[in-house]
Amino acid sequence: VSAAWQRPYLNVFKHFRVEEWKRSAREGDVAALTDAKLKGTVYRIRGSIPASNYLQLPRTGTQSLGLAGRYLYLLFRPMPRKHFLVHLDVATEENRVVRISFSTLFKEFKSTATWLQFPFLFGAAEGSVCDSVTRTARRDLVGAAPSDTRWTCLVLDLPSILSLYLSCRYSHLKGVKLCSNLLVKNLCTSDLVFDPGVTFSEARRADLACHGVAPMPREMAFPVPRGERWHDLYDYIRFPSEGSKLPCDSIQKSRPVSVAGGKVGDSNPGCVTPGGCPWVSKKSLTRSSCHPGGQVLEDSQPVTLTKAVRDRLSLVHQITSPKAVSAPG
C-alpha cells in the first residue's frame, strides 16, 4: 500500500481526530486542556496505575494505524515526581508484531523476540553519566520524573531500533498506547529529520531538504518567544543516537545544560558507558544530522526525496513555518 499520503509528514492526532474519540480510545483519567506555555490543547493522562489510565490509537488492538514513516515524533512532558509508560506496537517485514516500550518504571533494559523494554532515565549531576559511570550513579538516574521536567520532542528511529536490537526490518506502526503520567501535545510520523532549532529560511539556504532534514512544521512546533532559543526552553532526544552502531540500554534525558558562549549540544556528542554504548541524552542529540553549515555527517542516512515531495515540503513550510511568539510584557 502506498504511503504517499503520509508525506512529508502526518499529524497523527489531527488525522485520526483524537478529540472525537471515535478512532481512538481513552481509559481512566484522560482530559484535554489548554497549556499556558504551549498556548494550545494538550492531553493530560494521569493516575497511579498506568494500565488503567491511557490514551490509545487506534481504538482497538485488532486495528492498525498503518503508518510507514521512519521517524515517530512524540511531543510530551512527563508529569513532575511521577512515573510514565509508553507502548508502541510495530509490524515487521517478517510479519511479526513487536512492542517497543519505554518507561521510568523500568530499572533495566529487557528484550524478547516480540518486546523491547527501555528505561527512560533523567540525568543526574553533570559528569555522572560519562566514561566512568558507576552502578551507584546508574541507580541514581532511575526513578520518577524530577520536579523541573520540560516539554520534550522525542524522535524514535523505528527501523533502526528493530535492526539494532532484533535484526528485523520495519514495516509500519500499528498502534500507540500513552499511559499515565504524561502531558501530550501530539504525535507525528515522517521520513524526514525535523530539527526544531532550524528555521525555514536556514533550511532553504543550506538545501537541507535534499538530505531529509527540515524545520519542525508549525502545527508540531513548540512556541519560542522572541529572542529565545528552542534548545534553551525544551528538550530534544533522538533514539538511537545519530550514527549509533551499537545497541543502547536506555533512553536518557539529561538535565538542561548551559554551555557558555555556545549552543546546547556544541560539545562532543555521546558519552560512552563501560559497555561501549553512547547514552541517549538531550545534550548529545540537540544537533541535527547536518552541521550548521549544511554539511551532512558521514554517519547519517539521508532520505532521497523526489522533486514532487520537495516542492510539497517547500509549500508546507511556507504556510506552516514556525513564527516567533512575543514574550509577555
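## Stop 1: Ile-161

Select Ile-161, which lies in helix H3. Remember throughout that this is a predicted model. Is Ile-161 buried or exposed? Its relative accessibility is 1%, under the 20% cut-off, so Ile-161 counts as buried.

Now show its surroundings. Setting aside neighbours within four places in sequence, Ile-161 is in contact with Ile-100, Leu-116, Phe-118, Leu-156, Leu-166, Phe-239 and Pro-240. Draw a C-alpha to C-alpha distance from Ile-161 to Pro-240: 6.8 Å in space, against 79 residues in sequence.

## Stop 2: helix H3

Then step past the end of the helix to Ser-167, where phi is positive, near 55 degrees.

## Stop 3: strand S16

Go to residues 235-239, strand S16. Five of its five residues are buried, so S16 is largely enclosed by the rest of the structure. In a regular strand, side chains alternate between the two faces of the sheet. Check each side in turn. Asp-235, Ile-237 and Phe-239 sit on one side of S16, Tyr-236 and Arg-238 on the other, and both faces are covered. Phe-239 is also one of the contacts of Ile-161.

Which way does S11 run relative to S16, parallel or antiparallel? Select residues 152-157 to see S11: the two strands run parallel, joined by five bridges. For a landmark, find Val-155, which stands opposite Arg-238 in S16.

## Stop 4: a cavity

Rolling a probe the size of a water molecule over the atoms shows where empty space is left. Searching the whole structure gives two cavities of 30 Å³ or more.

Select its lining: Leu-75, Cys-153, Pro-196, Met-216, Met-220, Ala-221, Phe-222 and Trp-230. By class, that lining has eight nonpolar residues, no polar and no charged.

## Stop 5: confidence

Finish by colouring on pLDDT. The protein chain has a mean of 77, and 69% of its residues reach 70 or more. Select residues 254-305: pLDDT is below 50 there, yet this stretch has 120 contacts in the model beyond near neighbours in sequence. Residues 316-329 are also below 50, with 28 such contacts. Where pLDDT is low, the predicted coordinates should not be read in detail.

Methods: Residues are numbered from 1 along each chain as its sequence is written. This is a predicted model: local features need pLDDT of at least 70, side-chain atom pairs count only at pLDDT 80 or more; totals for chains, interfaces and linings use all residues. Side-chain values use heavy atoms; hydrogens and water are left out. Helices (H or I, at least four residues) and strands (E, at least two) are DSSP runs, numbered from the N terminus. On a 1 Å grid over the protein atoms alone, a cavity is a set of points where a 1.4 Å probe fits but cannot get out, and a pocket is an open set with protein on both sides within 12 Å along at least five of seven lines; lining residues have an atom within 4 Å of a point. Grid points are joined across faces, edges and corners, and a volume is the space filled by probe spheres set on the points. Ala, Val, Leu, Ile, Met, Phe, Trp, Tyr, Cys and Pro count as nonpolar, Asp, Glu, Lys and Arg as charged, and the others, Gly among them, as polar. pLDDT is the predictor's confidence in each residue, from 0 to 100. Contact means heavy atoms within 4.5 Å. Buried means under 20% relative accessible area, exposed over 50%, partly exposed in between (1.4 Å probe, protein chains only). Two strands pair if DSSP finds at least two bridges between them.
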